[in-house]
Amino acid sequence: MFLESGTWKMSTSHLISEYFDGWGYGEVTPTGFGCAYTVKPDSVQFNVVSKGLESEGLAFHLEQALLDMADLCVRTGTKAAPRPKL
């Protein structure tokens, strides 16, 4: 169990800047995923990569989950919290 705790299956990084539109973040182990993300005023961007582990499938399910959450917010009239000024 301890040995597995040192193997990152999912490595993420968050980037906050309105100036970055093209960026990426790689996996840190050959059997893992890299997932970079950024939250913009009107969108959320993700970059999912791996070495042959169906990155497209993970990206598809991530997109579906985000669309489901957006739909839930629309149906319940939930509004996003105001973004803090940086």
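**View 1. Val44 lies in strand E3 (residues 43-50)**. Strands (DSSP runs of E, at least two residues) and helices (DSSP runs of H or I, at least four) are numbered from the N terminus. The model is predicted: local features need a pLDDT of at least 70 and side-chain atom pairs a pLDDT of 80 or more, whereas totals for chains, interfaces and linings use all residues. Residues are numbered from 1 along each chain as its sequence is written, and side-chain values use heavy atoms, with hydrogens and water left out. Val44 is partly exposed, at 44% relative accessibility; buried means under 20% relative accessible area, exposed over 50%, and partly exposed in between (1.4 Å probe, protein chains only).

**View 2. Val39, Val44 and Phe46 make a nonpolar surface patch**. The patch covers about 220 Å². Patches consist of residues with over 30% relative accessible area and no salt bridge; like charges are joined within 9 Å, and nonpolar side chains (Val, Leu, Ile, Met, Phe, Trp, Tyr) within 5 Å. A salt bridge is a side-chain nitrogen of Lys or Arg within 4 Å of a carboxyl oxygen of Asp or Glu. Accessible areas come from the Shrake-Rupley method with a 1.4 Å probe; for residues, only the protein chains shown count as cover.

**View 3. Cys35 is found in strand E2 (residues 33-40)**. Cys35 is buried, with a relative accessible area of 8%. Beyond its neighbours within four places in sequence, Cys35 is in contact (heavy atoms within 4.5 Å) with Met10, Ser11, Thr12, Ser13, Tyr25, Phe46, Asn47 and Val48. Met10 is 25 residues from Cys35 in sequence, and their C-alpha atoms are 7.3 Å apart.

**View 4. Cys73 is partly exposed**. The relative accessible area of Cys73 is 35%. A search of the whole structure finds 0 disulfides, a disulfide being a pair of cysteine sulfur atoms within 2.5 Å.

**View 5. The chain has 2 helices and 3 strands**. From the N terminus, the elements run α-β-β-β-α. Where pLDDT is low, the predicted coordinates should not be read in detail. The chain averages a pLDDT of 82, and 84% of the residues score at least 70.

Key:
pLDDT is the predictor's confidence in each residue, from 0 to 100.
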